Amino acid sequence: MSKILILSTAHAELGETGNKTGVWLEELAAPYFALKDAGHDITVATLGGAPIPVDPNSEPQGDGADARFKKDKAAMALLEAPASLSDQRPGDFDAVFIPGGHGAVWDLASSDEVAQFLSAAWEKGKVLASVCHGPAAFVGVKVNGEPLVKGRKVSAFTDSEEKGTGLEAVVPFLLETRLRELGADFQPGPDMKPKAVQDGRLISGQNPMSSDTVAELLIAQLD
């Protein structure tokens, strides 16, 4: 059994639009249950232990992992009362997984605490995995003074996909562009099709359709 920290956004406001955002539920739910069903120990945390808002556009439409999450009282309780990142120690976990949702490009991307935690986790040999907008948490992470993503294969929500949402002028930055600026070997796939890449202990997926594959790669790496 491995110990996994799931670090979620707690940011609920979609810029100045007056609309809501947060975590994309499927990107949290699919890896959560994949890891849990594989017998791993999971801690869910946010900055300051703030509640996790769910993007209203990600409410379950079928009977997938997101619908299972909504029916699971223990899982839903994690949204209301997650742990605080400041109470966690990088050395206590084998991996950190960061789900997406537009909220991540606001709070996780701009947080020194997140950057320092993930930098320390990487230096301790831990696995870092993320999907969709979750890799925004990597933008401030440094390894030996250089960006973590520099020269490494990374995938994330593409500029083309962001333009497809109509939010390219709302988000604080385009994630693909920022990762490329940091020197990432960015690996795009077709819009809204599953795409996940692994570069050693760094695992990342492009969009919500990539959550299952990221979880599979993470579990394989842990095993």
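Before the first pair, I note the cut-off I need: a residue is buried under 20% relative accessible area, exposed over 50%, and partly exposed in between. I also keep in mind that this is a predicted model.

**Entry: the search.** I looked through the whole structure and found seven salt bridges. I picked three of them to follow up, listed below.

**Entry: Lys20 and Glu13.** I found these two side chains meeting in a salt bridge, at 2.4 Å from N to O. Is Lys20 buried, exposed or in between? Lys20 has a relative accessible area of 43%, so I put it down as partly exposed. I gave Glu13 the label partly exposed too, because its relative accessible area is 34%.

**Entry: Asp37 and Arg68.** Asp37 comes out at 52% relative accessibility, so I count it as exposed. For Arg68 I noted 40%, which means partly exposed.

**Entry: Lys70 and Glu59.** Here the closest N and O atoms of the salt bridge are 3.0 Å apart. I see distant parts of the chain linked again: Lys70 belongs to helix H2, while Glu59 lies in the loop between strand S2 (41-46) and H2, 11 residues away. Lys70 is partly exposed, with a relative accessible area of 39%. Glu59 has 30%, so I logged it as partly exposed.

Technical notes: Residues are numbered from 1 along each chain as its sequence is written. This is a predicted model: local features need pLDDT of at least 70, side-chain atom pairs count only at pLDDT 80 or more; totals for chains, interfaces and linings use all residues. Side-chain values use heavy atoms; hydrogens and water are left out. A salt bridge is a side-chain nitrogen of Lys or Arg within 4 Å of a carboxyl oxygen of Asp or Glu. Buried means under 20% relative accessible area, exposed over 50%, partly exposed in between (1.4 Å probe, protein chains only). Helices (H or I, at least four residues) and strands (E, at least two) are DSSP runs, numbered from the N terminus.
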